[in-house]
Amino acid sequence: MPPETMPHQTLSEKSFLEDTAKALKDPQLRRNFKRAMSGLVAKRRNVFPNASEFEGLREQASAVRRKTLSRLPELLELLEFNCERNGIRVHWAETTEEANRIVLDIANEAEVRLAVKGKSMVSEEMGLNAFLEEHGIEAIESDLGEYIIQVDKELPSHIIMPAIHKNLEEISKLFQEKVDSNSTSETAEEMTATARKILRKKFHDADMGLSGVNFAVAETGTLCLVENEGNGRFCTTLPKIHVALMGIEKVVESLQDLPPLLTTLTGSATGQPITTYFNMISGPRREGEKDGPHEVHLVLLDNGRSKMYEDELLRETLLCIRCGACMNHCPVYTRIGGHAYNTVYPGPIGKILTPQIKGIENAGYLANASSLCGACVEVCPVQIPITEILLRLRHNWTHQNKKRHWTDKNRLELLIWNGWKQVFSKPGLYRIQAGLLGRLGNLLPKQTPILSRWARFRSLPRFSKKSLHRLVEEEGIDHE
Amino acid sequence: MSESVSQRSRIMKRLTTIHSRSQFAEFRPMKQPNPPSWTLKEKISRLKSTMEAVHTEVLLCNDLDFSSVFQRVVEEKGIGRLLYARNTALGSQIYLMKERTPNKLPELATYDESIENWKEQLFSVDASVTETRGGIAETGSLILWPTEEEPRLMSLVPPIHLAVLKAETIHHNFSEVIQKEKWSEQMPTNALLISGPSKTADIEQTLVYGVHGPSQLVVFVIQSN
């Protein structure tokens with residue numbers, strides 16, 4: 001795969017609006033997402049059938065993550081100490097460029113040509129595949145979903161199910177065109193078998209395995225990986241070098257912190273009580289052991305996280321355990337899909353992460369792509385106040401650019417709000433307005449000035465002939 | 001790595017400066033929900049049903065009938081080459097089985113060399129059989145701490161994994177086993193929870209078993225007499 005064809009994320013409000021409009025007009029894409037998201041929502045509901053039990057569980061998970069934030073510097077030092085004691089080499093990177101360079105240095109020192117990769121969102125942040133490719137190292141994604149989109153030179157459209165935007169026929173066509181021209185793979189079983197064969201060879205040949213980290217335990221120096229496929233175990237066990245990539249916020253204090261996090265993660269992500277594999281790595285191969293990597297490296301990436309740590313509210317972004325439940329339940333994400341955002345992290349978590357990683361001036365517009373319905377907040381297993389953070393980011397975005405500060409500049413808006421205030425504080429005026437809208441409101445054409453901007457993407461509401469007041473007078477109130 | 005050292009000090013400096021001037025709500029350990037108190041029988045049945053729900057074969061046996069159940073499974077699955085660990089209790093048992101009734105068991109292979117010299121053989125065996133350190137009833141999980149005798153890849157590379165679980169080592173939940181066995185004082189290089197055969201739902205959410213790891217997992221739960 002030549003580097004110039006690798007996908008890149010472009011941050012621009014204009015292209016975001018264009019891509020959103022395009023996605024909304026793509027019936028296939030919308031069907032794919034609707035089907036997948038409703039499936040995931042139903043599975044999650046099945047695994048947490050009891051609302052009060054779930055509340056108890058997420059109280060625990062949230063408390064564990066909050067403990068991490070309240071002791072972050074100390075726990076990172078403890079993690080480093082215990083990893084090093086176990087023989088894991090710890091590297092620190094402030095930026096993604098630095099993290100890429102660290103991985104490249106490790107690879108070059110061992111003359112690595114082929115690396116196999118387990119799923120890692122931090123590596124997506126880094127653009128690691130493209131970077132290694134530019135330096136002559138092939139990095140193969142081995143999670144089936146990631147493999148599919150790598151073959152099609154796309155970015156993940158979902159943080160848990162990266163190829164969720166594609167349906168069976170689309171993937172089957174892709175396999176026949178790009179994976180194996182003799183392939184007659186049509187069913188999910190056949191395609192999975194084809195991928196298994198190809199990737200087994202890659203595991204067999206690779207000199208380096210790359211992985212993410214779901215949780216890192218400070219007290220024991222243990223890196224934990226949650227997965228179903230087994231590719232994560234291959235990447236961290238078979239090649240002679242294992243490099244694990246993690247954001248600095250993923251540390252937890254103790255092994256006892258793991259059970260509530262594991263349960264809420266797998267349940268929220270895919271509606272499973274547990275995944276097939278929970279892999280806990282506390283060091284490279286020891287004397288006498290016959291397998292396992294000879295070297296284990298841990299790269300701790302900051303990339304804006306220590307800045308998020310500064311603010312009491314924004315800091316809560318760092319509680320995230322990357323389960324993806326917020327996007328599965330988001331009415332915006334479900335309709336536009338993951339690619340329209342053009343960011344590594346789409347959906348609600350992406351809307352609060354990206355502006356903080358990339359800078360409010362570059363990505364602040366993303367915070368506007370929300371109806372603030374709060375579905376994400378209700379399902380978040382670690383209780384991140386996503387809507388509050390969105391409001392704060394909107395505020396910051398508006399204020400960083402005075403031109404966008406409408407209340408200062410826009411007379412029309414002031415006029416409208418003043419009119420609204422008059423009408424709603426004077427019952428007589430209110431009745432006249434309600435009567436007029438009831439009789440004539442539905443005759444207003446979509447092109448009416450002012451209204452037209454609002455109606456560009458929305459249907460106009462239908463006004464009822466009778467106001468609520470009138471209805472109550474006539475029918476009384478049914479307290480049921 | 002001097003560059004990394006200065007990166008470290010800059011990150012840590014930022015974090016500690018922020019930390020020293022911030023207020024954090026004090027962490028109060030949550031009251032853990034009362035662990036279930038199941039009888040051994042209940043634990044076995046919970047583990048069995050949970051694992052069966054994800055395509056695992058769970059066979060209940062005892063010390064006396066284990067050999068015959070094991071031989072039947074191996075035969076039914078048409079296993080041609082079986083990887084086992086010679087120097088474990090289970091290994092000696094299988095070795096004896098093979099001695100006594102050579103044609104009831106397939107060709108046996110052992111993981112005697114380090115993976116670098118043994119990769120081709122490992123990738124060509126049909127199945128492996130391992131012991132387990134314990135089980136978890138709540139989530140239907142096996143606990144494996146790979147050893148020199150039973151290395152990490154034994155439970156990953158062969159398409160069929162046969163696992164032997166002693167009923168009395170089944171715990172209620174993950175939290176209980178971490179605490180009871182004092183894991184924080186003795187973590188091995190690799191510890192695993194295995195809760196079924198390898199699976200994926202990455203293609204249109206269709207569940208498919210056996211993507212990278214074993215496509216079949218058979219658990220023999222041995223109840224002592």
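In what order do the six strands of the open sheet in chain B run? Select them and read across: β1-β12-β7-β4-β2-β3, with parallel pairing. Helices (H or I, at least four residues) and strands (E, at least two) are DSSP runs, numbered from the N terminus, and two strands pair if DSSP finds at least two bridges between them.

Before you go on, some housekeeping. Residues are numbered from 1 along each chain as its sequence is written, while chains are lettered from A and ligands numbered from 1 in the order in which they are written. You're looking at a predicted model, where local features need pLDDT of at least 70, side-chain atom pairs count only at pLDDT 80 or more, and totals for chains, interfaces and linings use all residues.

**Stop 1: the sheet in chain B**

Colour β1 (57-62) and β3 (107-110) of chain B: these are the edge strands, each pairing on one side only. Neighbouring strands of this sheet are turned by 25° against each other on average, direction ignored. (Axes are lines fitted to C-alpha atoms, for helices over the stretch in contact, and angles run from 0 to 180 degrees between N-to-C directions.)

Contact here is between two residues whose C-beta atoms, placed from the backbone, lie within 7 Å. Next, show helix α3 (residues 66-76) of chain B, lying across β1, β2, β7 (160-166) and β12 of chain B at about 170° to β12(B).

Zoom in on β2 (residues 81-84) and β4 (residues 127-131) of chain B, parallel strands joined by two bridges. Click B:L82, and you'll find its bridge partner in β4(B) is B:A127.

**Stop 2: the core**

The largest nonpolar core has 185 residues, and B:V219 is among those with the most contacts inside it, along with A:A115, A:C224 and A:V299. Such a core is a set of buried Ala, Val, Leu, Ile, Met, Phe, Trp, Tyr and Cys residues joined through C-beta atoms within 7 Å. Buried takes 20 or more other C-beta atoms within 10 Å of a residue's own, exposed 12 or fewer, and partly exposed is in between, with C-beta atoms placed from the backbone. β12(B) gives the largest share of this core, six residues.

Select B:V219: leaving aside neighbours within four places in sequence, its contacts are B:M51, B:T56, B:V58, B:L142, B:A163 and B:L165.

**Stop 3: where the chains meet**

Show both chains: 59 residues of chain B are in contact with 70 residues of chain A. On chain B's side, α1(B) supplies the largest share, eleven residues. Then pick strand β9 (residues 277-281) of chain A, joined to β9(B) by five bridges, the two running antiparallel. A:Y277 has B:I194 as its bridge partner there.

**Stop 4: a strand inside chain A**

Why is strand β7 (residues 241-247) of chain A largely enclosed by the rest of the structure? Because seven of its seven residues are buried.

Look at what pairs with it. Strand β4 (residues 208-211) of chain A runs parallel to β7(A), with four bridges between them, and A:S211 stands opposite A:A244. Strand β10 (residues 295-301) of chain A is also parallel to β7(A), joined by seven bridges; here A:V243 stands opposite A:H297.
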